[in-house]
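Hi,

Here is the structure I promised to pass on to you.

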Amino acid sequence: MITFKLNGKTVQGEEGQYILQVAQKYGVEIPTLCHHKALEPAGMCRLCTVELFDGRRSRFVTSCNYPIWEGMEVKTDSEPVHQGRKLIVELLMARCPDVPILKELGKKYGITETRFKKEEDTCILCGLCTRICTKMGNSAISLTGRGVDMKVDTPFHIQTDVCMACGACASVCPTGHITLEKIRSSVTKNSFKLIPSEYDMGLKGRKPVYVPYAQAVPNTPVIDRSVCMHFKTGGCKVCTEFCGVNAIDHTMQDEVVELNVGSIILSPGYQPFDPSKFDSYGYSKHPNVITAMEMERILSASGPTAGHLVRPSDHKEPKKIAWFQCVGSRDMNKCDHAYCSSVCCMYAIKEAVIAKEHSGSDLDCAIFYMDMRTHGKDFERFYNTAKDKHGVRFIRSRVHTIEPVPGTDDLSIRYITESGESVVEKFDQIVLSVGMEISPEVVGMAKNLGIELTPGNFCKTTTFEPVATSRPGIYVCGAFQGPKDIPQSVIDSSAAASAAGEILAEARNTLTRAKEIIPETNVIGERPRIGVFVCRCGINIAGVVNVPSVAEYAATLPYVEYATDNLYSCSQDTQENMAQIIKREGLNRVVVAACTPKTHEPLFQETLTNAGLNKYLFEMANIRNHDSWVHKNNPDLATQKAKDLIRSAVYKVALTMPLAEAELQIKSSALVVGGGIAGMTAARSLSLQGYETHIVEKSSNLGGQARNLYRTAKGEDIQQQLDILIQDVNQDDKIHVHLNAELVQMDGFVGSFKSTLNSAGQEIVVEHGVAVLATGASAYQPTEYHYGEDSRIVTSLELDKKFMEKDSSLSSLQSAVFIQCVGSREPDRPYCSRVCCTHSIDNALALKEMNPGMNIYLLYRDIRTYGEREYLFKEAREKGIIFIRYSMDKKPEVSLSNGKLSVKIMDHILGTPLEIETDLITLATAIVPNRDEKLANFFKVPMNSDGFFVERHAKLGPSEFATDGVFLCGMAHYPKPIDESIVQGKAAASRAVTLLARKTIHTSGNVAEVVPATCSSCGVCVSICPYSAPSFVEETARFNPGKAQINPVLCKGCGLCVASCRSGAIRLKGFDNDQIFAQITALNEAM
Amino acid sequence: MSEREPKIVSFLCNWCSYGAADLAGVGRMEYPPNIRVIRIPCTGRMSPKFFLAALAQGADGVWVSG
């Protein structure tokens, strides 16, 4: 260590350090132009000149490259230094009069006009560019010439191959003399390319060292070896100079890791279709033809334009946008993707609505489509709202070509309307709704693993084992299984986990280790002894906030016994150190001023636990996300804010008390309501994973709606498979089936439910830890189309029955008509029943198989054979089944006269009315939920206006309820085909197992508590709580009869009851009134 | 800052706005440093007394978000 004086203050530096480095460490500012942390100093610009007193005399040295020595005295801002720098700036200003950074410096040194002769240069010959070029391992440029002829140049003044167009010189040039543009045009023969950001779909560039996106897990930067200069030349490594913790290791190699596993789950996903190959759409030619994925980024607040809707070519706000559906889907001509990608209709509508929200309602949005496929839960409503409320135009037309409008960046298209007119329309921007495809890498992986694929390259599965690949033990989920949206992928993933869990049940918990439990110190009655740990977070906080001064300040706050700062509070060694300090200093409350409690509170709480403190004696002050990161240009005020936030946290933590978390035993059994295919699948999955399961079925047999179905869209025999499943369930020792049974009473909560069943007149009490609701749905009984008046008018299920009974009359039919959307997509039932298009087409094909000469007509509104079901639609058309579209206002008319059955419909192509004489009319009736209000009340689960249960989260929690311990599957959630019911049955089981496998759960300590003495029994808390946590103590109870009480297991700690309590009788532990008031009071100094 | 800036006390819901403020940081967005955040478990916890207390302590504005 070398000690010397800096501006009269004693400072210390290490042997070999330069004056500038030590000054920067002590926060002493010295101006520089040619200095760069990662480069050897050169002393070129002389701006960092300081005054050095060596004991005998004063002289001037450049601080950037003058090594420190014991006993020296340095003055960085004396008058002679100031004068000297002023002259340097003035000379540089004469050389480069128009350089902004020099003008800025001139202002700082009080120079209005240079006294010297002005030149027109922009280069100050600092040499940063040549030094960084050498550092990059290239030396493509150097300082050439001498004296006044000196300049930065390439060898022999000619364009060079050596330059790799990395742009490092431009990035360090302080004056703007070197720009990326200049490198491209004069220096290099290599092409200069932006590194496209994958996350922003190439609409923005990114660096070779980058965090893939803001929410990436782990949120750690990675180095892209394909573009990093170090991996090209062996040079650079500038990043290592900036990393404070030496985390960067360029020598790391890819490792081959061998894992022994019992099962593999494939979830490799899909890639968006690349529309470049469609010449007629000119995606690669016209900048304003973009893909829907690019549109997603443009609309995103975190996207390249921060959510401001502008078109790529000229950054003008578009006034007219068109979406083209089925680009790369349902298309055999250009891309060989005959399947429907399932998600594009919905995302196009969503983008159109969001675009209108961003740009105002005068934005014209038009969606060009073939069939609008909004078959998901609540999707049809969204479609109707987009059309009726937002005014999105829906045009049923497949557009052939996009033409540029000469002289503008606009685009022109010609399309045929439904009435047959040819229309030319101009748009500012066109979005191609690209479909999903499986990448060649994934196809290769499937080959290596030896699993079979479908014609569309998706993973081949069966209807009854929808997450099992063709190879035992390997499961699949997500879009690799088939094109699907987020909810369906989430359901899939849970199901795949369940499937793996079923075969690995015996191995569960065999690799777990018990955690050492440290006894808790009793701090009650002790005076608060608060420790404050202020985190520097590398430079994330310390780069803006003056951390040492904040820690110093924290030490002065009431009850604070200890305050310090850490480089990284969350690192393993700091954690251990903190635990030591807590014990050593006898601290009983802790404040960590660092990042956000949302990500790091549990970590620091564990440190407290390890130090023997109750984890609730803790508070965080968010001085990174809420301070240094958002006020980087305001270090003083940011420092002040950090102090305020810490003061507020200290005031609060002083009032915290140790809180207890109730431990709750989970009964290792489940109750499944509903013995249909979904319920049975859930029960079977739970039992295979080792849990006793009760099935409550209201009818006299298992099977549910599947009993009425003939065959699956993949041609499998449903009854045969169903019988196998029923047999499995009946023979399973762990599954108890209660037929003719009904739930008559239900008490309890997650982990310990108690249900009373009435099974064929007998009362049975079942205790269970979780419940799965699989109450299904049934077919709508139509009143329209003369149903019930003639035996030739049947529903889809009745036709299935005929097939199952091998009704010979079917093969002798001359003509058959299917009418779709009977009861679905109507004002009374504004949802799509999802299965009927596929069902009717498959039945039509079954009729064709029996009698290829039969005339079959299918009357529809939109054909919704999503995913690879589309192949059936194609096959049906090829086999001569005639598809005729009708609209809501011109529904088909069925007439019965003199024993003649006929259907009248307006043909959508010919535009003329048709009359079809037929022998059979099949009505594809809606799926109607079994509205079971009683059940909903028992489990306190909500139902939507259609009567389907409402899941915890439409996208991320589709198979569970907001009520803990209650799960959902099958058609009670939404109409769905058998494979999707099975998947969700398994998914519900999987979600349930996440609870059951824990055996016990800990409630949160931050729960509400009633003070009975002040409770007036008004009941506001009981009625207001969304989680049903408060209740009244029974009137006959010995203590506090009639007063409110709160079940800590059900309480989510929201505080709604606390705020609503008229008597002030409820406290929220951890967010008590006195604590929040203390926080508010603590802020008064900031006001 | 030459002009006097109004001081704002904000009560942010742990589940949405507090997280949003965290994300604003992650995105390195900038906003004036005259705001002090108090984290609450849910805006349901908000009591009129908290507004009054903040104003009484000298806040120029109170912002509740959730």
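Of the 1087 residues in chain A, 43% count as buried, meaning that 20 or more other C-beta atoms lie within 10 Å of the residue's own; exposed residues have 12 or fewer, partly exposed ones fall in between, and C-beta atoms are placed from the backbone. Please keep in mind that this is a predicted model: local features need pLDDT of at least 70, side-chain atom pairs count only at pLDDT 80 or more, and totals for chains, interfaces and linings use all residues. Residues are numbered from 1 along each chain as its sequence is written, while chains are lettered from A and ligands numbered from 1 in the order in which they are written.

Chain A has 28 helices and 49 strands (DSSP runs numbered from the N terminus: H or I of at least four residues for helices, E of at least two for strands). Its C-alpha trace spans about 125 × 85 × 55 Å along the principal axes.

Now to one sheet in chain A. Five strands form an open, parallel sheet in the order β29-β28-β27-β33-β44, where two strands pair if DSSP finds at least two bridges between them. β29 (735–738) and β44 (966–968) of chain A stand at the edges with a single partner strand each, so one side of each has no neighbour in the sheet. Neighbouring strands are turned by 20 degrees against each other on average, direction ignored. β33 (770–773) and β44 of chain A pair over 3 bridges, and Leu773(A) has Leu968(A) as its bridge partner.

Two helices pack on this sheet. Helix α19 (677–688) of chain A touches β27, β28, β29 and β33, and its direction makes about 165 degrees with that of β28(A). Helix α25 (978–996) of chain A touches β27, β33 and β44, at about 170 degrees to β33(A). Contact here means C-beta atoms, placed from the backbone, within 7 Å; axes are lines fitted to C-alpha atoms, for helices over the stretch in contact, with angles from 0 to 180 degrees between N-to-C directions.

A few backbone details may interest you too. The peptide bond from Val217(A) to Pro218(A) is cis, with omega near -5 degrees, and Pro218(A) lies in the loop between β8 and β9 of chain A. Asn246(A), not a glycine, has a positive phi of about 50 degrees; Asn246(A) is exposed, with 7 other C-beta atoms within 10 Å. Lys999(A) also has a positive phi, about 65 degrees, and sits in the loop between α25 and β45 of chain A.

Best wishes
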